Amino acid sequence: QVQLVESGGGLVQAGGSLRLSCAASGSYSIGWFRQAPGKEREFVAAISRSLGSTDYADSVKGRFTISRDNAKNTVYLQMNSLKPEDTAAYYCAARESAGSSRRSSGYGDWGQGTQVTVSS
């Protein structure tokens, strides 16, 4: 069974930074998604298991960076220049495929989520 544990969320002022972590029980392609109250879950970023290829939503490109430490089976999401519209619960998700996906249905296992709140 895949286990995913997110950490690193919190309250930050606009323009600030946070780093989220997703510790996995093995090596997987990982996606980060977020969901704000009353909105659908949306893709944020992903990194592939095999090549470490990355993909970003247009709304976070240039501000967020996804990376992985294979020795620790941990994926990070560095979030800079945060905006109030980035406020949401952030979830990491895992898939065994070598490549990542932008679709939430492409992931079979999900973490419990971590809250990110950006104040204006």
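Because the model is predicted, local features were considered only at pLDDT of at least 70 and side-chain atom pairs only at pLDDT 80 or more, whereas totals for chains, interfaces and linings use all residues. Residues are numbered from 1 along each chain as its sequence is written, and side-chain values rest on heavy atoms, with hydrogens and water left out.

Buried here denotes under 20% relative accessible area, exposed over 50%, and partly exposed the range in between, computed with a 1.4 Å probe on protein chains only. When residues up to four places away in sequence are not counted, the contacts of Ile30 (heavy atoms within 4.5 Å) include Cys22 and Cys92, together with Leu4, Ile66, Val75 and Tyr107.

One disulfide, defined as a pair of cysteine sulfur atoms within 2.5 Å, was found in the model. It is formed by Cys22 and Cys92, whose sulfur atoms lie 2.1 Å apart, and the link is right-handed, with 70° about the S-S bond. Since Cys22 belongs to strand β3 and Cys92 to strand β9, the pair ties together parts that are 70 residues apart in sequence. Both cysteines, Cys22 and Cys92, are buried.

Strand β3 is largely enclosed by the rest of the structure, because five of its seven residues are buried. Pairing, which requires that DSSP find at least two bridges between two strands, joins β3 in the antiparallel sense to strand β1 (residues 4-7) over four bridges and, also in the antiparallel sense, to β8 over six bridges. Within these pairings, Glu6 has Cys22 of β3 as its bridge partner, and Leu20 stands opposite Leu77 in β8.

Two buried polar residues were examined individually. Arg34, in strand β4, has a relative accessible area of 5% and is therefore classed as buried. Its side chain is joined to that of Asp86 by a polar contact of 2.9 Å and to that of Tyr90 by another of 2.9 Å; a polar contact is a pair of N or O atoms within 3.5 Å, of which, within protein, one must be able to donate a hydrogen and the other to accept it, residues adjacent in sequence counting only if both atoms are side-chain atoms. Thr114, in strand β11, is likewise buried, at 11% relative accessible area, and its side chain reaches the backbone nitrogen of Gly9 at 3.2 Å. Leaving aside neighbours within four places in sequence, Thr114 is in contact with residues including Glu6, Leu20 and Tyr90.

Positive phi values were found at two loop residues. Asn73, in the loop between β7 and β8, has a phi of about 50° although it is not a glycine, and Asn73 is partly exposed at 25% relative accessibility. Ser81, in the loop between β8 and β9, also has a positive phi of about 50° without being a glycine, and Ser81 is partly exposed, with a relative accessible area of 40%.
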